[in-house]
Amino acid sequence: MSVVFVAAMFLNILDTTIINVALPTISAQFGVAPTETGTIVVGYLLSLAMVIPASGWLGDRLGTKRVFLFALAVFTLASALSGLAQNLPQLVAFRILQGVGGGMLAPVGMAMLFRVFALHERMRAMRVLILPTAVAPALGPVLGGLLVDTLSWRWVFYVNVPIGIAAFVFGLLLLTEYREPTAGRFDLAGFLLSGSGFALLMYALTEGASQGWTSPVILATGLSGLVLLAVMVVVELRVPEPMLDLRLFADRMFRTINVMTLISTAAFLGVLFVFPLMYQDGIGASALDTGLNTFPEAVGVVLGTQVASRIYTRFGPRRHIAIALVNTAASMALLATIGPDSPRWVAMLIMFYLGVSISNQFNPGQTAAFATLPAHKTGGASTLFNSGRQAGAAIGVAVLGSVLAAVGTPAHAAGGTPDLTAYHVAFLVAAALSLAAAGYALLIRDKDAASTMTAAAQTAAEPVAA
């Protein structure tokens with residue numbers, strides 16, 4: 001189960017960053033303006049946002065194995081079609097199809113993983129789950145740069161196909177089916193309101209910095225999204241069997257972890273958005289060099305996850321998460337000291353520090369979030385958790401992108417020296433967000449996660465089950 005889920009999630013998250021380095025080449029080959037290629041990214045994110053709210057219900061009603069394998073098949077097929085696209089409209093259409101598959105993978109896969117691992121084994125499960133969550137965004141620029149430079153932009157999509165096929169075959173043979181007997185009727189109103197509201201708000205957040213926050217399109221989509229989501233909250237709280245079970249936020253632990261995760265995700269993925277821009281646009285490094293400078297973050301995540309379970313059992317989630325986020329903030333603040341003459345190893349060391357720090361927030365956070373929820377609520381809770389994390393990613397890009405636009409990113413200051421002020425300010429804003437998340441983490445009560453802490457102590461030294 002773990003292998004199948006990690007492979008599927010790795011492909012899904014990798015796809016959000018690997019495409020960025022290929023956009024200039026795609027623009028040149030299709031003969032379109034560079035700004036038009038943004039629809040390749042936006043189309044994927046919007047379809048992702050629309051599908052996520054329905055994924056929990058689909059898994060519970062139709063079977064998690066069936067829905068997960070269907071989503072993986074759609075994602076893999078759409079990847080192949082994207083590589084074969086002959087023009088921009090075709091590529092955008094196939095990316096939207098890719099988002100349909102990708103949007104179901106995370107919530108359904110997480111629900112499956114949590115049902116396989118009992119409460120006392122959740123910390124060990126998180127050592128698996130953290131790999132695609134934090135490693136894939138850092139690997140994307142490296143792999144994307146290599147594929148574009150040595151083969152062609154089409155291979156940023158083709159690379160998904162063999163891995164997707166292998167994961168599908170393994171899943172078909174090894175996964176077990178699960179249906180939730182209490183899954184009710186399809187909540188059409190909830191689906192339409194949540195899907196359209198989330199997609200409109202996501203569009204405004206991801207495009208606001210580039211189009212301008214006062215743009216009529218951004219204002220219209222953003223306000224419409226907020227209104228639809230507000231109506232959705234009212235409707236879903238009155239429906240006996242809602243598409244999004246917002247009543248789960250009445251659980252103190254689940255609510256606190258979700259808010260903290262949204263803020264910390266915004267800071268972390270905002271930094272992973274700004275850091276490559278600083279090196280490529282500010283300093284003038286190649287896409288491959290930028291990816292290599294970013295990759296130590298992934299190494300830090302891998303190593304950090306190996307010790308997180310041991311720290312978790314000693315400190316509990318409250319202090320563990322708060323200390324990890326303070327260290328995350330410190331690493332982001334250190335990024336603001338990087339200049340054009342800084343040795344490469346300095347940036348790589350700071351990114352490694354960031355990876356170690358953030359892994360010690362993700363692991364205990366995801367372990368503790370579901371500690372006090374009943375098992376039959378896992379599917380709905382996973383949907384809400386992933387929706388919040390997706391919103392956090394969009395907010396992070398929106399906030400730090402707006403900082404760059406407000407401060408200004410001139411190519412070079414007087415004398416030809418790169419002006420990195422805007423990037424440095426963005427890193428400091430991200431650090432402030434991490435400190436805010438650390439403060440919110442202090443609201444966590446360790447006794448609510450006692451069942452996960454006791455078991456983690458018994459399994460901390462065990463190898464991760466494949």
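Val302 is located in helix α13, which covers residues 296-335; helices here are DSSP runs of H or I with at least four residues, strands are runs of E with at least two, and both are numbered from the N terminus. The model is a predicted one, in which local features require pLDDT of at least 70 and side-chain atom pairs count only at pLDDT 80 or more, whereas totals for chains, interfaces and linings use all residues. Residues are numbered from 1 along each chain as its sequence is written, and side-chain values use heavy atoms, with hydrogens and water left out.

With a relative accessible area of 34%, Val302 is partly exposed, a class lying between buried (under 20%) and exposed (over 50%), as computed with a 1.4 Å probe on protein chains only. Val302 and Val356 are 54 residues apart in sequence, yet their C-alpha atoms are 7.8 Å apart in space.

Ser359 belongs to helix α14 (residues 344-369) and is buried, its relative accessible area being 0%. Between Ser359 and Glu297 the C-alpha distance is 9.8 Å, with 62 residues separating them in sequence.

The protein as a whole has 17 helices and 0 strands. Of its 466 residues, 57% are buried. Among contacts (heavy atoms within 4.5 Å) between residues at least 6 apart in sequence, 83% join residues at least 24 apart.

Leaving aside residues up to four places away in sequence, Ser434 touches Ala267, Leu325, Thr328, Ala329 and Met332.

The axes of α15 (residues 378-407) and α16 (residues 421-441) come within 9 Å and cross at roughly 145 degrees; axes are lines fitted to C-alpha atoms over the stretch in contact, and angles run from 0 to 180 degrees between N-to-C directions. On the α15 side, Val399, Leu400, Val403, Leu404 and Val407 meet Thr421, Ala422, Tyr423, Val425, Ala426, Val429 and Ala430 of α16. By class, this contact of α15 with α16 comprises 11 nonpolar residues, 1 polar residue and no charged residues, where Ala, Val, Leu, Ile, Met, Phe, Trp, Tyr, Cys and Pro count as nonpolar, Asp, Glu, Lys and Arg as charged, and the others, Gly among them, as polar.

Attention now turns to the aromatic rings. A search of the whole structure finds 6 aromatic pairs: rings of Phe, Tyr and Trp (its six-membered ring) pair if their centres lie within 6.5 Å, with planes under 30 degrees apart counted as stacked, over 60 as edge-to-face and the rest as tilted. The rings of Phe30 and Trp153 have centres 5.5 Å apart and planes at 75 degrees, so this pair is edge-to-face. Because Phe30 lies in helix α2 (residues 23-30) and Trp153 in the loop between α6 (122-150) and α7 (155-158), the pair ties together parts that are 123 residues apart in sequence. Both partners are buried, Phe30 at 17% relative accessibility and Trp153 at 1%. Together with Phe157, Phe30 and Trp153 form one aromatic cluster.
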